Amino acid sequence: MHRLRPVASRSLKQTQQETVDIRGRKIVVAVSVSHRCRNISLRLDEKNGQVQLVLPRFVSKAEGLRFVREKARWVLRQIDSLPPRVPFEDGALVPLMGRDHVIRHRPDARGVVWRVADEIHVAGQAEHLPRRVGDWLRREARQEIVARADHYASRIGTRFSQVSLRDTRSRWGSCTEDGHLSFSWRLILAPEFVLDYVVAHEVAHLIELNHSLRFWKLVELICTDNGRARSWLKQNGLSLHRFG
Ligand SMILES: [Zn+2]
């Protein structure tokens, strides 16, 4: 009997990517089945620009995809209303710590990735450029975040065990009971006061692992600009997922 649960929960999560042709455009639809939902649900995930179709168990995939085609106008309107994605490529603008930097492909230059004023130079073949920029941004993010975490932790007399970087869509940072801090690498694309705040927030959790008044007082102590940063994240946080 104990086999039943894992199988059921796996089928809930299993998502299949299907491509639907809508007026000559190839639209990727993530299809999943939910045991709980009674109606077909169609929505656009603003964070990754993907159409998500959730089907009740008794509805077939073919039927679900027919539903998507019937809603063609709505689907295209939703997709077209999203801010454009910014792939890492020659000429693209990337807001490093909130300041626009241009990516410059330097196929003949030596080295890997380096910064010249407001430009990010990338050597090597074009096909490696997106990965190289991504790796470099993660390294920059780690450096900036660790420096701030060190600084804030020593100010409130605490320490952390390690810092890791993720690409989580649901949260900008987290802190565990054993002092493990983790952050979204995309914070390197936010203005500096936002980066400061998220690091201060997680460092304050090293002492207060809750959102009590005491916690917020600690945050206030090391990061006075936290109100502005919080409203920036609320308004613009989603846009950081457009890059790369
Ligand atoms: Zn928190």
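Colleague: What is the strand order in the open sheet of three strands?
Modeller: The order is S9-S11-S10, with mixed pairing. Strands here are DSSP runs of E with at least two residues, helices are runs of H or I with at least four, and both are numbered from the N terminus.

Colleague: Why is one side of S9 and of S10 left without a neighbour in the sheet?
Modeller: Strand S9 (162–166) and strand S10 (173–175) stand at the edges with a single partner strand each, so one side of each has no neighbour there. By the way, this is a predicted model, where local features need pLDDT of at least 70 and side-chain atom pairs count only at pLDDT 80 or more, while totals for chains, interfaces and linings use all residues. Residue numbers start from 1 along each chain as its sequence is written.

Colleague: How do you know that S10 and S11 pair?
Modeller: DSSP has to find at least two bridges between two strands for them to pair. S10 and strand S11 (residues 180–184) have three bridges, in the antiparallel sense, so they pass that test. As for a bridge partner, Cys175 has Leu181 in S11.

Colleague: Which helix packs on the sheet and touches S10 and S11?
Modeller: That's helix H5 (residues 192–205), whose direction makes about 15° with that of S10. Angles run from 0 to 180 degrees between N-to-C directions, with axes fitted to C-alpha atoms, for helices over the stretch in contact.

Colleague: Which residues in H5 and H6 meet?
Modeller: Ala200, His201 and Ala204 of H5 meet Phe215, Leu218, Val219 and Ile222 of H6; contact takes C-beta atoms, placed from the backbone, within 7 Å. The residues of this contact divide into six nonpolar, one polar and no charged. Ala, Val, Leu, Ile, Met, Phe, Trp, Tyr, Cys and Pro count as nonpolar, Asp, Glu, Lys and Arg as charged, and the others, Gly among them, as polar.

Colleague: What makes S1 and S3 edge strands?
Modeller: An open sheet of four strands runs S1-S2-S4-S3, with mixed pairing. Strand S1 (15–22) and strand S3 (41–45) each pair on one side only.

Colleague: How many bridges join S2 to S4?
Modeller: Six bridges join strand S2 (residues 25–34) to strand S4 (residues 50–56), and the two run parallel. Ala30 stands opposite Gln52 in S4.

Terms used
Contact = placed C-beta atoms within 7 Å.
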